[in-house]
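Please keep the structure in view while reading.

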Amino acid sequence: MHRLTTSILTVAAVILTAGLAFAAPSMPGDLKLGPPEGWKAKKPLVDFSHAAHDRAKIDCVTCHHTWDGASAIQGCSTAGCHDQTGKRGANTFYAAFHDKKAESSCLGCHKATNKREKTKLPLSCKHCHSK
């Protein structure tokens with residue numbers, strides 16, 4: 001009886017794991033980060049590699065901080081997220097990428113990672129906003 005129970009639990013675990021793997025959102029490839037639709041970019045768009053961040057073991061919710069883990073992941077400039085103009089305020093497009101104190105922003109995460117792990121991730125405008 002113990003052997004049957006163990007076998008059933010093993011099969012259930014395999015099925016559950018496979019189901020979760022298929023349910024996970026697919027990671028997009030490399031993309032260019034730019035302002036919300038209709039806005040004019042003041043600097044060159046930023047090349048962003050999801051694969052590089054995945055290799056660094058950065059969880060999706062680090063950047064996509066409002067994601068519930070089940071629905072489709074939305075970009076930062078989606079309406080209701082970081083779609084406000086200006087440089088100050090939690091919902092500004094600028095803050096989503098440049099807030100030095102928030103590890104959910106690119107600049108804040110790079111700064112904290114460099115300090116913690118003695119790395120040299122980009123911190124200057126020209127490193128990210130290159131053509």
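By class, the residues lining the largest pocket comprise 23 nonpolar, 13 polar and 10 charged; Ala, Val, Leu, Ile, Met, Phe, Trp, Tyr, Cys and Pro count as nonpolar, Asp, Glu, Lys and Arg as charged, and the others, Gly among them, as polar. On a 1 Å grid over the protein atoms alone, a pocket is an open set of points where a 1.4 Å probe fits, with protein on both sides within 12 Å along at least five of seven lines, and lining residues have an atom within 4 Å of a point.

The volume of the largest pocket is about 1,300 Å³, a volume being the space filled by probe spheres set on the points, which are joined across faces, edges and corners. Its lining numbers 46 residues, with Val 46, Tyr 94, Phe 97, His 98 and His 129 nearest the centre. Helix H5 contributes the most to this lining, with 7 residues; helices (H or I, at least four residues) are DSSP runs numbered from the N terminus.

Within H5 lies His 110. With a relative accessibility of 13%, His 110 is buried (under 20% relative accessible area, 1.4 Å probe, protein chains only). Leaving aside residues up to four places away in sequence, His 110 touches His 53, Leu 121, Pro 122 and Leu 123 (heavy atoms within 4.5 Å).

Residues are numbered from 1 along each chain as its sequence is written. In this predicted model, local features need pLDDT of at least 70 and side-chain atom pairs count only at pLDDT 80 or more, while totals for chains, interfaces and linings use all residues; side-chain values use heavy atoms, without hydrogens and water.

How values were computed:
Helix = DSSP H or I, 4+ residues; strand = E, 2+ residues; numbered from the N terminus. Buried < 20%, exposed > 50% of the residue type's maximum accessible area, 1.4 Å probe, protein only.
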